[in-house]
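Please have a look at the model first.

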Amino acid sequence: MKFCDYILKIKKLPVVLLATFFVLLYVFSLPVNAEREIVIVIDPGHGGDNMGAMHNDFIEKYMNLTVANAMREELEKYEGIVVYLTHEDAETNLTLKQRAEFAASKNADFMFCLHFNMSEGGILYGAEVWVSAFDIFYAKGHSFGQIMMQALEEMGLFNRGIKTRINNRDEDYYGIIRESRALDIDTILIEYAHLDHINDQEFYTLGDFQLEEFGRVTATAVAQFFRLRSDILNIDFSDFPVPEVEAPTEIVRPDLTPPDVSHLELVSLDIEKREAVFKLIAEDYDSFILYYAICLDGGRNFGTLQPFPRTETEVLITLDLPAERNLRVVAQVFNAYDRITPSNIISIAALPPDKVVEDILEELEEIIEISLAELTQELTERQEQIYKRLETYQIILITIAILMILVIVIIISRITLLLKVRRHARIEDKSPES
Ligand SMILES: [Zn+2]
């Protein structure tokens, strides 16, 4: 029996060895094939009583949630990624700390906070990304921010920049970024568009599909940043050129000063066309110039903000000038942090109305003159007619009066005659015997 057992063991040896080999092969191959999954947390801004920005029928907390859901759906089409939302419904109101703690509890590689914006006076428009002002958090945030902003610019949105903001304790101003960094979580905040500016309204007012597009675009930026691939979408971002940003050694401070240069020059003035070309020279040494606006009344009423060319220091502006008004033309330029510097004022004396307006006025005057003459003529004719009629009536009346006088004279003479005849008759009656 012992001998038989021994023989049996020897026979099984190759099987055992082979099995051991495959087990070892599997164990050694494990770290190569099974990389850790990328964990993404999406934070739809606001929730519960905290509505966020509100304009007309648009409420930010609902919009952010729609974008977030579309973003998750798109991201889940990529391999090697897990996606969480900080909250699934618009009625949950998490504190910023709770959101950061949620991301930390999931060991998130990155948290993306989704928002829509509004501005004082409703004058600003465009998209922006807020990042931490510190070390590697700034570097990663700025790197992703570049991919994100390029995508939003391609959608047609105005790029308001990738920025930092600091509170008076030299910490990140935005709570969600501050709390996340404290828990070692990379976080950025995206402001997609302004709810209260017409320039941005075309990007979300047509329907939820537009908000979903924001979600898809953001998901694609994330996939590019993490160099993901998707069999479903047949996309491979393995070689995507993610922008390299060096970790700063000091706090990246926001620009707290207004633009340094804001100078207006009159290049040409066409009095006949009432058209002027101005050159606006503007520079900000700490950040960059975002917009400019023009005013014709010395600084009281500025027109809509216009984008200032990002890589230039001057822009040519052609203006149609109003007539018969003394003008005081002034520009103002906004930097990336919406700080403003007004330009010098250029005075232009009242311009005559242009040829077209003059012609129209002349024609109008002619028409008025013609109709006045016609009216006068007609009135004169009517007057003459009335006078003629009056003359005829006068003649008739006089004739009637003469006739009436004649009749009266005849009647009187007849009566007189009758009385005379009667008196004669009486006299003859008294003397029959004679
Ligand atoms: Zn918000």
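In H4, Phe144, Ile147, Met148, Ala151, Leu152 and Met155 meet Val217, Thr218, Thr220, Ala221, Gln224 and Phe225 of H7; contact here asks for C-beta atoms, placed from the backbone, within 7 Å. By class, this contact has nine nonpolar, three polar and no charged residues. Ala, Val, Leu, Ile, Met, Phe, Trp, Tyr, Cys and Pro count as nonpolar, Asp, Glu, Lys and Arg as charged, and the others, Gly among them, as polar.

This is a predicted model, in which local features need pLDDT of at least 70 and side-chain atom pairs count only at pLDDT 80 or more, while totals for chains, interfaces and linings use all residues. Residues are numbered from 1 along each chain as its sequence is written.

On to the cores. The largest nonpolar core has 64 residues, of which Ile40, Phe112, Ile188 and Ile190 touch the most other members. A second, separate core of 19 residues includes Leu264, Tyr292, Ala331 and Ala336. Such a core is a set of buried Ala, Val, Leu, Ile, Met, Phe, Trp, Tyr and Cys residues joined through C-beta atoms within 7 Å, where buried means 20 or more other C-beta atoms within 10 Å of the residue's own, again placed from the backbone. Leaving aside neighbours within four places in sequence, Phe112 is in contact with Ile42, Asp43, Ile188, Ile190, Thr218 and Val222.

Finally, the sheet: four strands form an open, antiparallel arrangement in the order E14-E13-E16-E17.

| Strand | Residues |
|---|---|
| E13 | residues 289–295 |
| E14 | residues 306–307 |
| E17 | residues 340–348 |

E14 and E17 are the edge strands, each pairing on one side only; pairing requires at least two DSSP bridges. Tyr291 has Pro307 in E14 as its bridge partner.

Conventions: Helices (H or I, at least four residues) and strands (E, at least two) are DSSP runs, numbered from the N terminus. Two residues are in contact if their C-beta atoms, placed from the backbone, lie within 7 Å. A residue is buried if 20 or more other C-beta atoms lie within 10 Å of its own, exposed if 12 or fewer, and partly exposed in between; C-beta atoms are placed from the backbone.
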